[in-house]
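Work through the exercises below with the sequence and the coordinates at hand. Each task is followed by a solution in steps.

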Amino acid sequence: MGKDKNAAPHIQMEEKKYKILMVCLGNICRSPAAEGVMQRLVEERGVSQLFEIDSAGTYGGHSGQLPDPRMRRHASRRGYNLTHRARRITGYDMGDFDMIVAMDDANRADLERLARTPEEVQKIVMIGKYITTNPHYDYVPDPYYEGSEGFELALDLLEDACGQLLDEILTNRLKTNN
Ligand code: 4NP
């Protein structure tokens, strides 16, 4: 069997994915939850093939651990299965990701110290900028030393903010046919 000379050459179009890194302190509560929330949002909107979403912490003391059992429990009630393994952010991440999302001001300050160029500083975004439903917060507070309400609050804020952030990315940073 000869090859069909008229067949169009098979061209593999390599779409570069838009890479988002969610960052908190320990990478066991807020940022793995943010990763799970954003991953579900891109799937629900049919744009998951355009994105790569990950999370990391500025502190490496929990490296290798699954998310905190309390966060996994609260998240699973909303249908999120959080299986990320904690890791500490590296200088390489600052170059590799397109957007680096800080949960609070301390995370942002740590990220600014890690950035090596003005372009890397530009990648840092505060999640609080995208909170629309709760006027009391312009950051996602650390639930680690809190009770159930702290975990519910973090998830409420993240579901709101990640939806707004994804809208902003799809509208202003990615050219899509949507
Ligand atoms: P996260 O929460 O930054 O949302 O993952 C924390 C987890 C661990 C610690 C602090 C905050 N810690 O001190 O070990």
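**Exercise 1: the sheet**

The open sheet is built from 4 strands in the order β2-β1-β3-β4, with parallel pairing. This is a predicted model, in which local features need pLDDT of at least 70 and side-chain atom pairs count only at pLDDT 80 or more, while totals for chains, interfaces and linings use all residues. Residues are numbered from 1 along each chain as its sequence is written, and side-chain values use heavy atoms, with hydrogens and water left out.

Task: determine which strands stand at the edges of the sheet and by how much neighbouring strands are turned.

Solution. 
1. Strands (E, at least two residues) and helices (H or I, at least four) are DSSP runs, numbered from the N terminus. Two strands pair if DSSP finds at least two bridges between them.
2. β2 (51-57) and β4 (124-126) each have a single partner strand, so one side of each lacks a neighbour in the sheet.
3. On average, neighbouring strands are turned by 25° against each other, direction ignored.
4. β1 (residues 18-24) pairs with β2 in the parallel sense over 7 bridges. In this pairing, Cys-24 has Gly-57 of β2 as its bridge partner.

**Exercise 2: helices on the sheet**

Task: find which strands helices α1 and α4 lie against, and at what angles.

Solution. 
1. Axes are lines fitted to C-alpha atoms, for helices over the stretch in contact, and angles run from 0 to 180 degrees between N-to-C directions. Contact means heavy atoms within 4.5 Å.
2. α1 (residues 30-44) lies across β1 and β2, at about 170° to β2.
3. α4 (residues 105-114) packs on the sheet and touches β1, β3 (99-102) and β4, making about 175° with the direction of β4.

**Exercise 3: the two sides of α2**

Task: sort residues of α2 into buried and exposed, and locate them around the axis.

Solution. 
1. Buried means under 20% relative accessible area, exposed over 50%, and partly exposed in between (1.4 Å probe, protein chains only).
2. In α2 (residues 69-77), the residues Met-71, His-74 and Ala-75 are buried. They span an arc of only 100° around the axis (taken from the directions from the helix axis to the C-beta atoms), so they lie on the same side of α2.
3. Pro-69 and Arg-77 are exposed on the other side of α2.
4. The cover over the buried residues includes α1 and α6 (148-173).

**Exercise 4: charges over rings**

Task: identify the rings that Lys-19 and Arg-40 lie over.

Solution. 
1. A charge sits over a ring if NZ of Lys or CZ of Arg is within 6 Å of the ring centre and within 35 degrees of the ring normal.
2. Lys-19 lies over the face of Phe-97, 5.0 Å from the ring centre.
3. Arg-40 lies over the face of Tyr-80, 3.8 Å from the ring centre.
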